[in-house]
Each structure stands twice: as structure tokens, then as C-alpha cells.
Amino acid sequence: IRELVNAGVTDVDAVIDSVGGEHDFESRLLTGWLIKSVNLDQKSFKDYLLDKLPWIIFAFMPVFALLMKLFYFRHDQYYIDHLIFSFHLHSFVFLVLILMTLIKSMTGFSIDTWAALLILIYSLLSFKNVFRQKWAKTTLKMMGISFFYSLTIIIVGMIYLGIAYTLF
């Protein structure tokens with residue numbers, strides 16, 4: 001396929017005919033991706049993804065709030081309360097990441113481990129303060145929320161990468 005694309009053949013049907021493939025949906029999609037891969041400008045694609053990243057993170061805050069609502073369903077808090085807490089916690093994470101980036105750019109010293117530890121401790125203390133449960137229960141619920149949140153980010157992230165790659 002690389003040789004065909006380098007020779008100027010970029011029509012999906014022509015490439016499929018040249019390699020003797022079938023013209024079904026899956027083959028057309030895969031061949032289109034392969035043709036695009038040969039001509040892909042990785043820096044432009046990276047810039048495209050990074051440009052959309054703030055919107056993606058913003059869109060995940062309600063998901064985090066929903067997970068908290070599911071884990072703390074017996075509390076007398078509305079979804080909006082969890083959403084506000086989600087904004088608060090994500091704002092703290094963004095602040096720490098900004099400070100970490102500034103420190104690294106000014107000094108060259110990486111504080112990634114310290115920043116991750118600070119975020120973890122702050123999150124645990126804020127969950128404990130807001131939901132007023134015992135340490136063990138708070139820790140377990142926070143671990144559960146973090147697991148499902150990470151899983152959701154991975155699944156939706158893979159779907160987003162596929163869609164972004166197709167649209168790019």
C-alpha cells in the first residue's frame with residue numbers, strides 16, 4: 001500500500017483492487033486508514049489532538065460527578081453537588097499540573113512523583129471532608145471511583161482517537 005500511495009494512487013477502491021481485497025465496509029475503512037497513515041504528518045495530528053484535549057477533559061467532569069453520585073447514592077447530595085466537587089477537584093489537579101510544568105521549565109527539575117503524591121493526598125482529604133466517612137470507606141470508594149473513571153477515560157479515549165484519526 002505504501003508503494004501505491006507513494007506512486008500517487010490514493011483512491012481506496014483502486015488500492016483495494018491492486019492488493020486483491022474485498023470491497024466491504026471493514027476493508028474500505030482499514031484501507032482508508034492505511035492510506036492516511038502513509039501521508040500522515042505526525043506533528044499536525046499531535047497538535048490537532050492537543051487542541052481538543054481541554055474540551056475532552058471538560059466533558060469528563062460530569063462523568064466523574066456521575067461516578068461519585070453512584071458511589072455515594074445514600075448521601076443526601078444532589079448530582080449538582082457532585083458536579084461542583086468534580087470542578088473543584090479537577091481545578092486543583094490542573095493547578096498542580098501547571099505549577100509542575102512551570103517548575104520543570106524554569107529549573108529543569110522534574111517533580112512528577114511529588115505532584116502525583118500531592119494530588120492523591122489532597123483528593124483523599126477532600127473526599128474525607130466532603131463525604132464525612134471513615135478513612136477505610138473513603139479510601140475504598142475513592143479507589144473505586146478512580147478505577148472506573150480511568151477505565152472510562154481509556155475506552156472513550158480509544159474511541160476518540162479512532163474518530164479523530166478518521167476525521168483528520
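Arginine 132 counts as exposed, because its relative accessibility is 67% and exposed means over 50% relative accessible area, with buried under 20% and partly exposed in between (1.4 Å probe, protein chains only). This residue sits in the loop between helix H6 (112-131) and helix H7 (135-167), where helices are DSSP runs of H or I with at least four residues, numbered from the N terminus. Although arginine 132 is not a glycine, its phi is positive, at about 50°.

The model is a predicted one, in which local features need pLDDT of at least 70 and side-chain atom pairs count only at pLDDT 80 or more, while totals for chains, interfaces and linings use all residues. Residues are numbered from 1 along each chain as its sequence is written, and side-chain values use heavy atoms, with hydrogens and water left out.

Two packed helices are described by the angle between their axes and the distance between the axes; here the axes are lines fitted to C-alpha atoms, for helices over the stretch in contact, and the angles run from 0 to 180 degrees between N-to-C directions. The axes of H6 and H7 come within 10 Å and cross at roughly 120°, and the two helices are therefore oblique to each other, given that angles under 35 degrees count as roughly parallel, over 145 as roughly antiparallel, 65 to 115 as roughly perpendicular and the rest as oblique. H6 passes H7 in a right-handed crossing, a term for the near helix being turned clockwise from the far one by less than a right angle, with anticlockwise giving left-handed. For H4 and H5, the packing angle is about 130° and the axes are 8 Å apart, which makes H4 oblique to H5; the crossing of this pair is right-handed. H5 and H6 pack at about 160° with their axes 10 Å apart, and are therefore roughly antiparallel to each other.

The next topic is the pockets. A pocket is an open set of points on a 1 Å grid over the protein atoms alone, with protein on both sides within 12 Å along at least five of seven lines, where a 1.4 Å probe fits, and its lining residues have an atom within 4 Å of a point. The largest pocket holds about 390 Å³ of space, and of the 15 residues that line it, the closest to its centre are His90, Val93, Ile119, Ser123 and Tyr149. H4, helix H5 (79-107), H6 and H7 each supply at least two residues of this lining, with H5 giving the most, 5 residues. By class, the lining comprises 12 nonpolar, 3 polar and no charged residues, where Ala, Val, Leu, Ile, Met, Phe, Trp, Tyr, Cys and Pro count as nonpolar, Asp, Glu, Lys and Arg as charged, and the others, Gly among them, as polar.

The second largest pocket has a volume of about 260 Å³, a volume being the space filled by probe spheres set on grid points that are joined across faces, edges and corners. H4 and H7 each supply at least two residues of its lining, whose members include Leu49, Phe60, Tyr149, Gly157 and Leu161. This lining has 11 nonpolar, 1 polar and no charged residues.

One further residue belongs to H4 (residues 42-71), namely valine 63, which is partly exposed with a relative accessible area of 27%. Its C-alpha atom is separated by 8.6 Å from that of threonine 152, a residue 89 positions away along the chain.
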